[in-house]
There are 2 protein chains.
Amino acid sequence: MRMLLIHSDYLEFEAKDKTKIAEETDVLNGKMEECLTTFIAVERDDEENVEGIIRGAVEEIEKVAKQLKIDNIVVYPYAHLSSDLSSPEVAKNVLKGIEEELKNKNYNVLRAPFGWYKAFKISCKGHPLSELSRKISPKEEEKEKEKTPS
Amino acid sequence: MRMLLIHSDYLEFEAKDKTKIAEETDVLNGKMEECLTTFIAVERDDEENVEGIIRGAVEEIEKVAKQLKIDNIVVYPYAHLSSDLSSPEVAKNVLKGIEEELKNKNYNVLRAPFGWYKAFKISCKGHPLSELSRKISPKEEEKEKEKTPS
Ligand SMILES: [Mg+2]
């Protein structure tokens with residue numbers, strides 16, 4: 001997975017037209033202010049461990065969000081960050097999984113729909129931590145702790 | 001070279017702080033409207049043929065600009081598009097070369113300075129051709145035409 005994280009004054013989008021792989025959704029536009037915008041490309045390697053890549057992505061997002069003291073997160077599909085993409089089905093599952101996991105951790109999450117041509121506006125703050133890129137690998141399961149004999 | 005081309009309602013930037021590799025410049029902010037914004041990462045491979053990569057980039061930019069019927073072009077350094085970057089010196093020369101070549105072809109060009117932390121605002125139009133990514137290779141010299149004997 002490739003991810004570009006932008007500390008934003010705002011991110012606003014409007015879905016315009018479907019591509020052939022468009023997600024069915026009612027969320028065709030949205031805006032968030034004072035947010036961490038995460039542009040995400042799910043890659044072929046990620047298909048081997050969907051749960052692990054969701055965990056790895058959420059961990060990385062949370063690390064940056066905590067540094068920036070931010071609760072608002074935009075999850076934005078961005079195929080242009082990679083030339084070795086996963087299938088659309090896997091990408092949708094991963095993006096939805098990241099949304100769900102961040103919501104479980106009490107972040108406010110706006111997720112832009114997958115597979116649509118979208119207009120967007122963004123304002124990047126411009127301080128040294130406001131633009132970061134990451135290559136993220138699947139997070140391995142923690143080893144089950146050795147059970148003490150009962 | 002990796003390039004992300006965005007057909008934009010506007011691109012606006014403000015240079016905030018220098019990094020160690022910052023270009024000396026008086027152009028610390030700028031705005032362009034109805035433009036093609038080209039986010040560019042110059043890569044290590046490009047070092048072998050600086051003139052060729054400038055030609056290849058300009059050719060690709062011009063192709064898209066003509067399709068969109070656009071005369072306004074923003075050249076914006078964007079290291080986050082690659083994990084195999086050229087030296088900063090080569091990157092600066094390539095970006096300046098692209099600016100110069102586009103100006104020679106009568107485009108209006110706004111180039112954002114290299115190596116600064118920059119705030120920026122962009123609005124992407126959202127039609128099918130408004131977001132394109134390209135891997136660009138150096139353009140080879142055309143074979144010198146065989147001279148006819150005098
Ligand atoms: Mg518009």
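Strand S1 of chain B, residues 2-18, runs antiparallel to S5(B), and nine bridges join the two. This is a predicted model, and local features are reported for residues with pLDDT of at least 70. One position shows the pairing: B:Tyr10 stands opposite B:Ser123 in S5(B). S5(B) itself spans residues 116-124. It is mostly covered, with seven of its nine residues buried.

S5(B) also has a partner in the other chain. Strand S5 of chain A, residues 116-124, runs antiparallel to S5(B). Five bridges join them. Follow two of these across the chain boundary. A:Cys124 has B:Phe120 as its bridge partner. A:Phe120 has B:Cys124 as its bridge partner.

Now take the interface as a whole. On chain B, 24 residues are in contact with 24 residues of chain A. The size of an interface is often given as the accessible area lost when the parts come together. Here the area buried between chain B and chain A is about 2000 Å². Carbon and sulfur atoms give 50% of that area. In chain B, the residues that lose the most area to chain A are B:His80, B:Phe120 and B:Glu131. Together these three make up 25% of what that side buries. B:Phe120 is also the bridge partner of A:Cys124.

Which strands of chain B each supply at least two residues to the side that touches chain A? They are S1, S5 and strand S6 (131-135). S5(B) gives the most, with eight residues. By class, this side of chain B has 12 nonpolar, six polar and six charged residues.

What of polar links between the chains? Nine residue pairs are in polar contact between chain B and chain A, both residues at pLDDT 80 or more. How many salt bridges does the rule find across this interface? The number is zero. Over all chains, the whole structure holds 34 salt bridges.

Is A:Ser123 buried or exposed? It is buried, because its relative accessible area is 1%, under the 20% cut-off. Its side chain makes a polar contact with the side chain of A:Asp9, at 2.7 Å. Leaving aside neighbours within four places in sequence, A:Ser123 is in contact with residues of both chains. From chain A these are A:His7, A:Ser8, A:Asp9 and A:Tyr10. From chain B they are B:Phe120 and B:Lys121.

A:Asp9 has a further link. Its side chain meets that of A:Lys125 in a salt bridge, 2.8 Å from N to O. The pair ties distant parts of the chain together, 116 residues apart. A:Lys125 lies in the loop between S5 and strand S6 (131-135) of chain A, and A:Asp9 lies in strand S1 (residues 2-18) of chain A. A:Asp9 counts as partly exposed, at 25% relative accessibility.

A:Glu12 forms a salt bridge with A:Lys31, with the closest N and O atoms 3.8 Å apart. This pair also links distant parts of the chain: A:Glu12 in S1 and A:Lys31 in strand S2 of chain A, 19 residues apart. Both ends are partly exposed: A:Glu12 has a relative accessible area of 29%, and A:Lys31 has 46% relative accessibility.

A helix supplies the next case. A:Lys103 and A:Glu99 both lie in helix H2 (residues 88-104) of chain A, four residues apart, about one turn of the helix. They form a salt bridge, with the closest N and O atoms 3.1 Å apart. A:Lys103 is partly exposed at 42%, whereas A:Glu99 is buried at 16%. Salt bridges that share partners join A:Glu23, A:Glu99, A:Lys103 and A:Arg111 into one network.

Finish with strand S2. Most residues other than glycine have a negative phi. A:Glu34, in strand S2 (residues 29-41) of chain A, has a positive phi near 45 degrees. B:Glu34, in strand S2 (residues 29-41) of chain B, also has a positive phi near 45 degrees. A:Glu34 is partly exposed, with a relative accessible area of 43%. B:Glu34 is partly exposed too, at 45%.

B:Thr38 lies in strand S2 of chain B. B:Thr38 is buried, with a relative accessible area of 0%. Not counting residues up to four places away in sequence, B:Thr38 touches B:Met3, B:Leu4, B:Leu5, B:Ile61, B:Ile73, B:Val74, B:Val75 and B:Tyr76.

Technical notes:
Residues numbered from 1 in each chain as written. Chains lettered and ligands numbered in written order. Heavy atoms only, no water. Buried < 20%, exposed > 50% of the residue type's maximum accessible area, 1.4 Å probe, protein only. Pairing = 2+ DSSP bridges. Contact = heavy atoms within 4.5 Å. Buried area = accessible area lost by both parts, 1.4 Å probe. Salt bridge = Lys/Arg side-chain N within 4 Å of Asp/Glu carboxyl O. Polar contact = N/O pair within 3.5 Å; in protein donor to acceptor, adjacent residues only side chain to side chain. Nonpolar A, V, L, I, M, F, W, Y, C, P; charged D, E, K, R; others polar.
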